[in-house]
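User: I'm new to protein structures and would like to learn how to read one. Can we go through this one step by step?

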Amino acid sequence: MAAEHSVGFEPADRLAEDRESVRRRFWRKLKRVAAQLPFAEDLLAAYYCAFDRQTPRHVQASLLGAIAYFILPFDFVTDVMPILGFADDAAVLATAIRMVAGHITTEHREAARAVLKRGVDEAEANVKAA
């Protein structure tokens, strides 16, 4: 039985347990929607923190859950709605980031800015090559 605080998030919780699936699906969705995301830098910084080997497991789990929610095909508010479409994704991500803010480092934020500057396609290719 799911804990009361996670009711409705079970699919994201299950997906978050499969790190490689999160990694692949994250880049696919980010490529499709990056231009529409006002929180793209925070999302990418959370991604880099979640996959950083130095990040504690409980922080990784929190961030992977938020990222999994972002990549899932269903939403409380559909992502195709202008302006409001990503409001629920942003709220879930903001909550996760607030919980673990001390673990998102300057390096994670710099990596996020570099991806946005270079372009998502190039960044995805670099991740696949690593």
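**Reading the helices and the core**

User: Which helices are included in what covers the buried residues of α5?
Analyst: Quick heads-up: this is a predicted model. In α5, the buried residues are D88, D89, V92, L93, A96, I97 and V100. What lies over them includes two helices, α3 (40-50) and α4 (57-71).

User: Looking down the axis of α5, within what arc do its buried residues fall?
Analyst: An α-helix has 3.6 residues a turn, so residues three or four places apart point the same way. Now look at α5, where D88, D89, V92, L93, A96, I97 and V100 are buried. They line one face of the helix, because down the axis of α5 they fall within an arc of 165°.

User: What end-to-end reach would you expect for α5 at 1.5 Å a residue?
Analyst: Helix α5 covers residues 87-100, which is 14 residues. From first C-alpha to last, α5 reaches 20 Å, and that is close to the expected 20 Å.

User: Let's zoom out. How many helices does the secondary structure come to?
Analyst: From the N terminus on, the elements run α-α-α-α-α-α-α. There are zero strands, and the helix count is seven.

User: How many residues are in the largest nonpolar core?
Analyst: Inside this core, the residues with the most contacts are F26, W27, L30, L37, L43 and L63. At least two core residues come from each of α2 (19-33), α3, α4, α5 and α6 (106-118). Domain 1 (18-80) and domain 2 (83-129) each give at least three. The core's total is 37 residues.

User: Let's pick L43. Beyond its neighbours within four places in sequence, which residues is L43 in contact with?
Analyst: L43 is among the residues with the most contacts inside the largest nonpolar core. Setting aside the neighbours within four places in sequence, the contacts of L43 are F26, L30, L37, I67, F70 and L93.

User: F26 turned up there. How do F26 and W27 pair, and at what angle between their planes?
Analyst: F26 is buried, at 0% relative accessible area, and W27 is buried too, at 2%. A pair counts as edge-to-face when its planes are over 60 degrees apart. F26 and W27 lie 5.3 Å apart centre to centre, and they are edge-to-face with an angle of 85°.

User: What about Y47 and Y48: how far apart are they, centre to centre?
Analyst: Y47 is buried, with a relative accessible area of 1%. Y47 and Y48 form an edge-to-face pair with 80° between the planes. Their centre-to-centre distance is 5.4 Å.

User: Which residues form the aromatic cluster?
Analyst: The search of the whole structure turns up six aromatic pairs. F26 with W27 is one of the edge-to-face pairs. The residues that form one aromatic cluster are F26, W27, Y47, Y48, F51 and F70.

User: Is H108 buried or exposed?
Analyst: H108 is in helix α6. Leaving out its neighbours within four places in sequence, H108 is in contact with A45, Y48, C49, D52, T55 and H103. The relative accessible area of H108 is 5%, under the 20% cut-off, so H108 is buried.

User: Within what arc do the buried residues of α6 fall, seen down its axis?
Analyst: The buried residues of α6 are H108, A112 and V115. On the face turned away from that buried side sit the exposed residues T106, E107 and K117. The buried residues line one face of α6, because they fall within an arc of 60°.

User: Last one: what distance separates the C-alpha atoms of P56 and H103?
Analyst: P56 sits in the loop between α3 and α4. At 28% relative accessibility, P56 is partly exposed. P56 and H103 are 47 residues apart along the chain, and their C-alpha atoms are separated by 8.4 Å.

Notes: Residues are numbered from 1 along each chain as its sequence is written. This is a predicted model: local features need pLDDT of at least 70, side-chain atom pairs count only at pLDDT 80 or more; totals for chains, interfaces and linings use all residues. Side-chain values use heavy atoms; hydrogens and water are left out. Helices (H or I, at least four residues) and strands (E, at least two) are DSSP runs, numbered from the N terminus. The expected span of a helix is 1.5 Å times one less than its number of residues. Buried means under 20% relative accessible area, exposed over 50%, partly exposed in between (1.4 Å probe, protein chains only). The arc is that of the directions from the helix axis to the C-beta atoms. Contact means heavy atoms within 4.5 Å. A nonpolar core is a set of buried Ala, Val, Leu, Ile, Met, Phe, Trp, Tyr and Cys residues joined through side-chain atoms within 4.5 Å. Domain bounds come from an automatic or database domain assignment. Rings of Phe, Tyr and Trp (its six-membered ring) pair if their centres lie within 6.5 Å; planes under 30 degrees apart count as stacked, over 60 as edge-to-face and the rest as tilted.
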